[in-house]
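Subject: Structure handover

Hello,

Here is the structure we discussed, with the sequence. My notes on what turned up in it follow below.

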Amino acid sequence: MTGMTRRSLLGASVFAAVGAATGCSGSSSQSGSTSGGATGTLDWWDHFSSFKHLNDDWAKTQSPSLKTNVAHTYYDASKATQAFQLAHQANKMPDVYSNVIGLPLPALVSGKWVHEVTIPADIKAKLPKDAFTEGITQLDGKLYGFPMFSFRQSSTLVWVNKDHWSKAGLDPNNVPTDYAAFKDALGKLKSAGIQPLTLAIGADGGRIRDQVDDMAQAAGFPGYQGLQFTTGEYAYHHDAYVGVIEFLKQLNDDKLIMPGSNNFGVVDARTRYASGAVGTFIDGIWCAGGSKALAPTIVDKLASGQILVPTSGMNPWCYRGRPAATYFVSADSKNPDVAGKLIASFMSDDYQKGMVEAMDQPPLNLDLVASSNVVDAYKKGVEYCKKNVFLMPQAIVKNPAIARVDALRKPVTPHVGNIVQGYLGGSIKDLKAELKKLSDATSADRAQALTKAKAAGAKVSEADYAFSDWKPGQDYGAAK
């Protein structure tokens, strides 16, 4: 099983997969506290690198009120999925864990990964009415978690080092938005003796897959993860996808991408950026917090720009689904009620403030960011996302029975990220043909899942994936 990435945390996958954010440090670490009156231990694992110190402290402050020693452990995202899988196999999952497994909610429930969560009424009142979605955060009316992050976020903003860009005669507060101008800026960095750009192309290819999906949307692809909104058909071979990957190959062939990037995971690439070894890094809105966690001195050098578009003047619009649960209570938990109370505490004002100041994924209430004590580059990124990231239509929202199809879906490989790796590395020659294979394979996988689900009594069809009334540049509100 392959671990999912940040996009899945948003419920944006056509499978309504429940993945999560990628962290940035390289090893696991644990902290806990033993407080007067506390009995037993509540284990809490997650992979949010920007929140590590916040969560360490929160574990200590919550132990007295929960009358339990809360022990927090951080895992880098590249290691978290495997660690969680091994713990699950041994029936030794922590009481609370972050959403990184990469399975749709029905599979998590049937596989005994999760326990139903009870949320106090006052906590529910703080959440938007549409925060609970059948098949994404709840199943058969039972709640398994709630989202903590806004869907208006991106994995594909352009982050630059102010010092490097200024040295090359470039304005770091006016990052180019189109392919040609961006490539020209990278050329100027190279001429100034500065390594122009790094990307997280390596590892399982998950991050570059997410970013190609985003860039394809900004380039005009009318859908997400290869699925066209209006027709419900897969079209990874669409010209928008081809154009994005060809652009990346141009940058690679012109030696504007840092050598080794084809093997870099997120940790590797972000470390190069945070340490000042490279002038530009394409990363998510969480780059500010992730980079600060690696090298605090980078904070004053951060500047950000929007997702790139093929030609100047294009609308850089992207689309996301309703957010999935951020944390789960494990089915192995011996104290699920207290575990649920810990998760509920994350909606307190103090924790929410800490989330914002960590500069990771933006919270559900984006208005908290403007008045917070965070750098302008992060505020700028959040404002960009508020204006240019829209709610997309989802089959599972239109027909919750699609959850039964999702449970039967299988990972299709090679995926877009793997194809980018092969094309940039030279092992793939015919890009469009390879993308067409991916479209066909993904369509076939959905077809087999639909067939099995219908045979088991689910009232579902391919028509559930088509939204003829979808319009670009606005939140989709017809599916409730």
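I began with V212. Setting aside neighbours within four places in sequence, V212 is in contact with Y241, V244, I245, L248, V416 and V420. Please keep in mind throughout that this is a predicted model.

V212 also belongs to the largest nonpolar core, which has 116 residues. F84, V212, Y378 and V420 are the members that touch the most other members there. The biggest contribution to this core comes from helix α9 (residues 239-253), with eight residues. There is also a second, separate core of 31 residues, and V70, I123, F346 and A358 are among its members. As background, nonpolar side chains in soluble globular proteins tend to be buried together.

Overall fold

The protein contains 19 helices and 18 strands. Its radius of gyration is 22 Å, close to the 23 Å that the globule rule gives for 480 residues, so the protein is as compact as a globular protein of that length. Of the 480 residues, 61% are buried. Taking contacts between residues at least 6 apart in sequence, 78% join residues at least 24 apart.

Surface and charge

The protein exposes about 17,900 Å², and carbon and sulfur atoms supply 50% of that area. There are 49 positive and 45 negative side chains. The centres of these two sets lie 1 Å apart.

Individual residues

T442 sits in helix α19 (residues 431-455). Is T442 buried or exposed? Its relative accessible area is 4%, which is under the 20% cut-off, so T442 counts as buried. Not counting residues up to four places away in sequence, T442 touches Y234, Y236, R409 and V412.

P128 is in the loop between α5 (121-124) and β8 (138-139). With a relative accessible area of 33%, P128 is partly exposed. P128 lies 58 residues from V70 in sequence, and the C-alpha to C-alpha separation of the pair is 28 Å. V70 is one of the residues of the second core.

Backbone geometry

Which residues does a cis peptide bond join? They are T413 and P414, with omega at about -5 degrees. P414 is found in the loop between α17 (402-406) and α18 (416-425).

K67 is not a glycine, yet has a positive phi of about 55 degrees. K67 lies in the loop between α2 (52-66) and β4 (69-74), and is exposed, with a relative accessible area of 56%. K255, also not a glycine, has a positive phi of about 60 degrees. K255 is in the loop between α9 and α10 (266-274). Its relative accessible area is 60%, so K255 is exposed, the cut-off being over 50%.

Regards

Conventions:
Residues numbered from 1 in each chain as written. Predicted model: local features only at pLDDT ≥ 70, side-chain atom pairs only at ≥ 80, totals over all residues. Heavy atoms only, no water. Core = buried A, V, L, I, M, F, W, Y, C linked by side-chain atoms within 4.5 Å. Buried < 20%, exposed > 50% of the residue type's maximum accessible area, 1.4 Å probe, protein only. Helix = DSSP H or I, 4+ residues; strand = E, 2+ residues; numbered from the N terminus. Contact = heavy atoms within 4.5 Å. Rg over C-alpha atoms; globule rule 2.2 N^0.38 Å. Areas by Shrake-Rupley, 256 points an atom, 1.4 Å probe, with all protein chains shown as cover. Lys, Arg positive; Asp, Glu negative; His and termini not counted. Charge placed at Lys NZ, Arg CZ, Asp CG, Glu CD.
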